[in-house]
Each structure stands twice: as C-alpha cells, then as structure tokens.
Amino acid sequence: MLTESVAVAFTILFTIATSLPLGRYMARVFQGERTFLDPLLLPLERLVLRLTGVDPAESQDWKHYARSLLVSNVVMWLCTFAVVSLQKWLPLNPDGIGNLEPTLAFNTVSSFTTNTNLQHYSGETGLSYLSQMFAITFLQFVTAATGIAACVAIIRGLGGDRQSQLGNFYVDVTRATVRLLLPLAIVVGALLVWQGTPMTFEDAAKATTLEGTEQVIARGVVAAEVAIKQLGTNGGGYFGPNSSHPYENPTPLSNLVQTWSIAVIPMAMIWTLGAMLRRQRLAVVLFATMLAIYLPMVGFAVAREAAGNPVIARLGADQSTGSMEGKEVRFGAGLSALWGVTTTVTSNGSVNSMHDSWTPLGGLMPLVGMWLNNIFGGVGVGFVNMLVFIVVAVFVAGMMIGRTPEFLGKKVEAKEMKLASLALLWHPLAILVPTAIACHVWATTPDPETALGWLENPGPHGFTEMLYEWSSAAANNGSGFEGLGDNTPFWNIGTGLAMLFSRYIPILAPLALAGFLARKPTAPETAGSLRADSATFGFTLWAVVVVLGLLMFLPVAVLGPIAEHLALGSF
Amino acid sequence: MLNEVRKGIRFTAVTMLLLGGGYPLVSWGIAQLLFPAQAEGSLIRNRSGHVVGSRLIAQAFTRPEFFHPRPSGVDYNAASTGGTNYGPSNPDHLKAVGERLDARARLEGVSPAQVPSELVTASGAGLDPHIPPAAAALQAPRVAQARGVPLERVQALVRAHTEPPTFGFLGRERVNVLELNLALEEL
C-alpha cells in the first residue's frame, strides 16, 4: 500500500511539473511566437494551411470562428461516417470485418467527432485497420485540436479590449494538431512500442499454447492510436477493454506514460491561459482550485479500491491487495484508482480497469469526475467548462458584496449570465432526463432482462450502469460501466444525440460569451474590484463548483452507488 | 458559406491523409526499426519456430503441472477481449468467486484465507499475463509434486521470474505465468 501511494503521488507530481513548460510552449505556439521545434514543424503547418486555402493573417469574430468550427466538424462527421459504413469494401481489412450497422455507425462517428470516444463496438472485431486509422486516429487528432482551438479563442476573448476578433479557427486547429499533438504522439507512441504495444499491419497471430489449444491473438496498428487517444483526451481504445489490455498498456512504465498523457495537456492549458493573459496568479489560483477537488477524489478512490469488496472478504479470500475484479496485477488497486479519477475529470474516458467492477463508493468518483467535467477537463474544453463556473462564481460573489460582477475588468451582465446558465444547466439536464427515460423504458417493458437485455447487474448497480452511460455521453467522456448492453438502437441513437448536443452547446455558448466580453472595455483594477486571482476567489469558485456542480446529482448518487454500498453491509 | 464548406472539405482531406495515413506510417516505421519484436506483439516461439503465445497475453492453463493464471471473463480469447463487468454486489459474481475460492483452496490443499484474491477475480481484459508472487508461491507445491521435481527448484524458478516494481515503486511485484511455465518445461 505504501509503494502504491508513492507511485500515485509521483505520477501526479511528475505530471504537474512537466505541465509547466508544456503550457509555456503552447502559449508561444498559439501566439505565433518562435519555438525550438519550428524548423521541423513550421513547414508542415504552412503546407496544411496552404492546401486548405486559408490565409493565416485573416482573423475571425466569434460568429465566423464558430461557423468554421461547425462546418469543418460536419464535413469530418460525413467523411468518417462513409469510411466506417463502407469498410468492408475498402482496403486494409485483413481480418475481413463487415460494415458498421447504421445506428452503430451514427453512434461511433458522433462519438469520435465529439471527442467522446464512447464505444458501442469492440475494436478488434468491429473496425478494419483502415477505419482505425482514417476514421478513429484522424478524428482523435482533429477533435482534440478543435477543443484546444476553441479554448484559445475564448482566452483571446477574455484578454481582448474593445475588439471583436478571436483569431483564425483553421490556424489554431492546425497549430494544435501539427505543433502540439503530432510530435507528442510520435514520441509517446514510440515509448509504448518499446514497452510492448504492437504496431503492425499483420493480421491476428495464431499460437498453439503449451496445453495444445489454439489461441488467436488480435493485434494491429495499436501504439499510434493509443498515443493520441490519451494525449487528445479521446479515450477510445484499439481493443475493447482499452488500456487494461496488456497490449495497449503492457507495463507500469507504459501506464505512467499514459496517465501522464491523459492529464498533461489539460493541466498545461491552465498555464497557457496564464501566459496568454499575462496573469500567472490567476493560473495558479485556478490550478490550485482544481487540485483541491482532484486530489481528495484520488485519495478517496485509492482508499476505497485498496479496502476491497467486503463480500469477498467475508467469503474468506486474502484481499490484502484491494479489490482486484476487473483490475490488472501489474497496476494494482492504487494506480487503477488514480487512472479512473484522472480519466473522468479530464473527459478522457480510457480505462486501465473495469469501472463497472469497482467498489460502489470508489465507482462514485468517476461519476463525480464526469458530473463536474471541469477539473482540468478535456483538452481545451475543460477550461471552457470551468469558465462557465467562473462567471457564475463572479456573479455570486458580486451579489454577496453588492458590486457589479466583473471578471478580468469586464462587466458580466445579463447576456453573459444567460449564456453561462445555458451551458451550466445543459449538463445535468442531458444526464438526468435521459436516465429517467431509460429507467422508465426498463420499468415499463415486460420481462426487461430478456426483452431489452441492457443490464449485466441487478439492483442499484444496474441503475448506476444506465446513469454512468448518460453521464459519460454528456461529459463527452467515453468510459463506461461496460456491463451495459449498449449496442442497441435506443442507446446508439440516444447517446449519439446526447454527445452531439453536449459537445457543441458547451463550446458555442462560452465562445459567444467570450465574443461579447472581448468587445467590452477593460476597466482598470482598483481596490474595489473583485480580484479573480486571489485565494478568496479560489475558495468561492471551489464552493460554487462543488455545490452547484454536484448537488443536482446527489439524489441519483444515493439511488445508485450509495444504496449499493449500504447493501454490501460494510461500515 | 460555400467558401466555408470548401475549406472544411479541403482541411478534412489534407488532415485525414496526414494523420490517418502519414502519422501511423511514421510510427510504424519507428516501431519496426527500433523495436521489431514488440511491434509484432512480443510473440514467443518454440525451438521449431512455432508461436506458442505472447509474453503479454495470458493463455489457459488447467493441468496440475503448470502454474495457473488469473480467471478470465472471456476464457482467454485474445481475439475478443474483455472483463466480466460484474458489479461488486452482483450475486452471480459473488457465487462465481465463492466457487473459484473453494476449488482453488481444495486444489492447493490450503484454507481459503491463504488464497490471494487475484486467483478468484477476473482481470480487466481477461488476459492478465501476471499473478502476484503470493499466488505463485501458493501453487508451487502442487506444481512440484505433479512434475516430480524438488519444491526448492520450483520456488527458485518463481523467484527468478518475479519482476519487482519499476524503479522500486511503480506498479506491483508480479510473476509472468507463461514465461514461468516455459521455464518449467526446460527443467
């Protein structure tokens, strides 16, 4: 247990430490300053922009920026939909995999276009090598870059003074792809192959085991896909069980590399914000506020998983290493719990253990991560989600001290509050209403176990499986309580729509908000202004996030994980 | 608007080629150049060159003369992998764990309290290649007896195949079951 705690602490500290220089590098990239990688990557950036037909000097206002974002995403959706729907007849399909059925294709393409990576197919049997590369890996880059671009534009809006231009979407998205994600992914991918992740175009290997049976071992172009799935907070794995599969995540070292890859860009984004706005103190306050939610969640999850399942303890097995159902020996309970919390607060959604098999209260932490969805958050969109809470916190604080709410010297008025409220309320709405509908369908269907066959587990845990699925879709996370039989038209279409709305509403509303703020004059800060870069504001923000972000979910938490915990008869 | 659509199409075409085609090819090239064995899946071949498995992928062992891996939710099917996804309160799950525990305690001739939970719970992908040293120590007497070799030799083999945590603290101490069994065959 002690070494596991050391490993958890080391992983977090290492990631935080490296996020600082990366954040500074990202700020330089997005402000068009020179970086040490320019000789290698600048020509590639110019080439992509020239072939796209973009004038890098052209700057867009928020409406134009949003239009470019939406149109490009629609085109990507259509192209990748064609790839997965026609893969049977396309090349690079050595295992002869068929086309995705239309509702599954809708779900899969929506999932990857929205950076969610909820997977209702299983990689090794559902997609050809071509689809894995030209649909999945491609989208894992550009959708991550889309989130980063939106975030950068919003940061520019916050720093603007009577201006309407937020930058150029295609320039930002190209820079995020070519100068940030691509070099990192190549390095991370090479490290993973070194540790044992396959990278081959050969078909599945056939082995004759020592006991003389045949074993078919699926492999493929795994390492490249795993690298970008983590760096882009995508999370969609090459194989069904994701990074718990020994090929995707072969060693504790590959686990460190991947845990780092999940969190480092979301963390660095905060330092990028500090550098671009020239407000390092604000970045420190935001970072500390997020840590003050993240660290207790990690500690609690590690403790619950290390404590094990009380029923298995009563059966008499030696459970001194914690709850190991659905976990891998090489990681143990501690690093599995750290991963589970990190992957859900950041909207990544890759797993190195089966969350469905976690202890009830341990499994509550991934849910909390997705309900908040702004603790570091997905690449780019994490801060965008937090901005909504910042605006609300500013409003609440302003009301309490009887002043006009303002953030970074800009007045927050009715129009901004309306947009923030829209984004804030959409999230619980997109989780709770569909969960209620799913429960209603389940409850009113005669003999649902055979008629619907959704739930692997009975009782409160079955409820949590449905709740988790909608939380994952709405948070654009992509992890699952995978016991849910989710490859049905109901879940494919339902979560597909939830992912699309929950991607674009929380990006477009804050983008508009930033556009409005950018046009306002920046008032000089006086002794009477509400300072956002103070510990007091950090604490206020922390309280607003916890109270507003979680209170709405307390009833479902009680119905699911907490009820199951009590039923297990532990303390 | 038409101009927007044109840019969207051109951007998609360019990046799809670059990221869907170029990037995996570059990664593949690096992998094949630097780490060809890992890139093909860390396959293990016997003397006649036939693949007997992958050092990273668990395979089924049921005979008494072999060390047994952790239970698998997919019966060690490495072409369609997964966990059981049983929740901690699932009666089917708890029944299965109880049955495995009884069977294991009986097979090794020990009390259930000596059976590490890893041997009665299924792993995440159903292909966990490792067991903890305690689970190997538990099986050593049975393996030694079935093979008619001294217990000390089997225990020494287990010790030799015990991997420590990386850097002394990262990950858990573990034994690779397939490699251990291959070494047993060489005894």
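Select A:Asn348 and A:Gln230 first. A polar atom of the A:Asn348 side chain lies 3.2 Å from the backbone oxygen of A:Gln230. Such a pair is a polar contact: N or O atoms within 3.5 Å, where, within protein, one must be able to donate a hydrogen and the other to accept it, and residues adjacent in sequence count only if both atoms are side-chain atoms.

A note on what you are viewing. This is a predicted model, where local features need pLDDT of at least 70, side-chain atom pairs count only at pLDDT 80 or more, and totals for chains, interfaces and linings use all residues. Residues are numbered from 1 along each chain as its sequence is written, chains are lettered from A and ligands numbered from 1 in the order in which they are written, and side-chain values use heavy atoms, with hydrogens and water left out.

Stay on A:Asn348. Where does A:Asn348 sit in chain A? Look in the loop between helix 12 (332–345) and helix 13 (360–372). Helices (H or I, at least four residues) and strands (E, at least two) are DSSP runs, numbered from the N terminus. Is A:Asn348 buried or exposed? A:Asn348 counts as buried because its relative accessibility is 0%. Buried means under 20% relative accessible area, exposed over 50%, partly exposed in between (1.4 Å probe, protein chains only).

Next, select A:Ala224, in helix 8 (residues 222–231) of chain A. A:Ala224 has 1% relative accessibility, so it counts as buried. Leaving out residues up to four places away in sequence, A:Ala224 touches A:Met199, B:Tyr23, B:Pro24 and B:Ser27. Contact means heavy atoms within 4.5 Å.

Three of those names belong to chain B. Show both chains. The contact takes 111 residues from chain A and 99 residues from chain B. Together the chains bury about 8,200 Å², with 66% of it on carbon and sulfur atoms. Buried area is the accessible area (1.4 Å probe) that two parts lose on being put together, summed over both. Color B:Phe11, B:Tyr23 and B:Asn85: they supply 10% of the area that chain B buries against chain A, more than any other three residues.

Last stop: A:Arg330 and B:Asp128. Their side chains meet in a salt bridge (3.8 Å, N to O). A salt bridge is a side-chain nitrogen of Lys or Arg within 4 Å of a carboxyl oxygen of Asp or Glu. How many salt bridges link chain B and chain A? The count is three.
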